[in-house]
Amino acid sequence: SQIKIAVLVGSLRADSFNRRLARAVEKLAPDDFAFRHLQLNDLPLYSQDFDAAYPATATRLKKDVEGADGLLFVTPEYNRSIPGVLKNAIDIASRPWGTNSFAGKPAAVIGTSIGSTGTAMAQQHLRNVLAYLDVPTLAQPEVFIHFRDDLIADDGSIASDGTRKFLQGFVDDYVAWIRRFAR
Ligand code: FNR
């Protein structure tokens with residue numbers, strides 16, 4: 001049976017480097033892994049008032065997370081942290097109180113940026129949030145990709161042999177991590 005992975009990309013930009021990285025990484029996974037990018041662009045800004053009557057898009061996000069066997073967070077760094085888009089989605093799916101949709105879902109965090117520190121600070125912040133939400137997150141390898149125009153080839157694969165081998169190592173460890181938790 002298929003292992004379902006919910007992918008949360010922390011950028012809404014049409015040509016997002018992180019979405020391209022996510023697609024390239026997905027190509028390195030085995031056939032029984034099915035990746036689905038969750039829709040974040042129509043979510044309202046979270047308000048605790050929602051807890052009385054959750055908006056339909058927010059409930060959809062919770063169901064999408066709950067239906068997944070594992071999570072993959074692929075995020076840019078905004079001002080040395082995670083983008084508000086991603087934090088908002090996480091806040092939405094973590095509530096109403098007592099219905100944290102993330103609890104127990106195994107995950108990994110990767111990202112790319114044009115800055116030389118390659119999302120390291122954002123990922124560290126995200127790991128802190130995920131720990132609180134009871135998400136067992138793959139510790140190693142860390143994946144901080146410095147984006148350059150030649151990173152991803154026209155066919156969507158990772159262009160350089162060295163980076164592709166590194167990311168294949170990450171995917172292999174990620175796949176083993178998710179399988180450890182699969183029902
Ligand atoms: C950035 N960028 C950025 N890069 C980085 O390495 N560290 C940072 O703290 C920031 N801060 C930041 C803030 C804001 C508001 C923006 C719009 C951008 C640059 C960022 O890496 C670049 O825009 C990436 O292209 C964003 O990822 P996507 O959208 O291409 O996936």
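Axes here are lines fitted to C-alpha atoms, for helices over the stretch in contact, and angles run from 0 to 180 degrees between N-to-C directions. Helices (H or I, at least four residues) and strands (E, at least two) are DSSP runs, numbered from the N terminus. This is a predicted model, in which local features need pLDDT of at least 70 and side-chain atom pairs count only at pLDDT 80 or more, while totals for chains, interfaces and linings use all residues. Residues are numbered from 1 along each chain as its sequence is written.

Begin with two helices. Select residues 56–66, helix α2, together with residues 84–93, helix α3: the two pack at an angle of about 80°, and their axes are 9 Å apart. That angle makes α2 roughly perpendicular to α3, a term that covers 65 to 115 degrees. Show the side chains next, and you will find Ala58, Leu61, Lys62 and Val65 of α2 meeting Ala89, Ile92 and Ala93 of α3, where contact requires C-beta atoms, placed from the backbone, to lie within 7 Å. By class, this contact of α2 with α3 comprises six nonpolar residues, no polar ones and one charged; Ala, Val, Leu, Ile, Met, Phe, Trp, Tyr, Cys and Pro count as nonpolar, Asp, Glu, Lys and Arg as charged, and the others, Gly among them, as polar.

Now colour the strands. Five of them form an open sheet with parallel pairing, in the order β2-β1-β3-β4-β5, and two strands are taken as paired if DSSP finds at least two bridges between them. At the edges, each pairing on one side only, are β2 (33–37) and β5 (143–146). Neighbouring strands of the sheet are turned by 20° against each other on average, direction ignored. To look at one pair, select β1 (residues 3–9) with β2, which are joined in the parallel sense over five bridges, and find Lys4 opposite Ala34 in β2.

Which residues are closest to the ligand? Among the 14 residues that surround the ligand, the closest are Ser11, Asn18, Pro76, Ser113 and Gly115; a residue is counted when its C-beta atom, placed from the backbone, lies within 6 Å. This shell divides into four nonpolar, seven polar and three charged residues.

Finish in the loops. Most residues other than glycine have a negative phi, and most peptide bonds are trans. In the loop between α3 and β4, select Pro96: the peptide bond from Arg95 to Pro96 is cis, with omega near -10°. Pro141, in the loop between α4 (120–132) and β5, is joined to Gln140 by a cis peptide bond with omega about 0°. Lastly, select Arg80 in the loop between β3 and α3, a non-glycine residue whose phi is positive, near 65°.

Key. Parallel < 35°, antiparallel > 145°, perpendicular 65-115°, else oblique. Contact = placed C-beta atoms within 7 Å.
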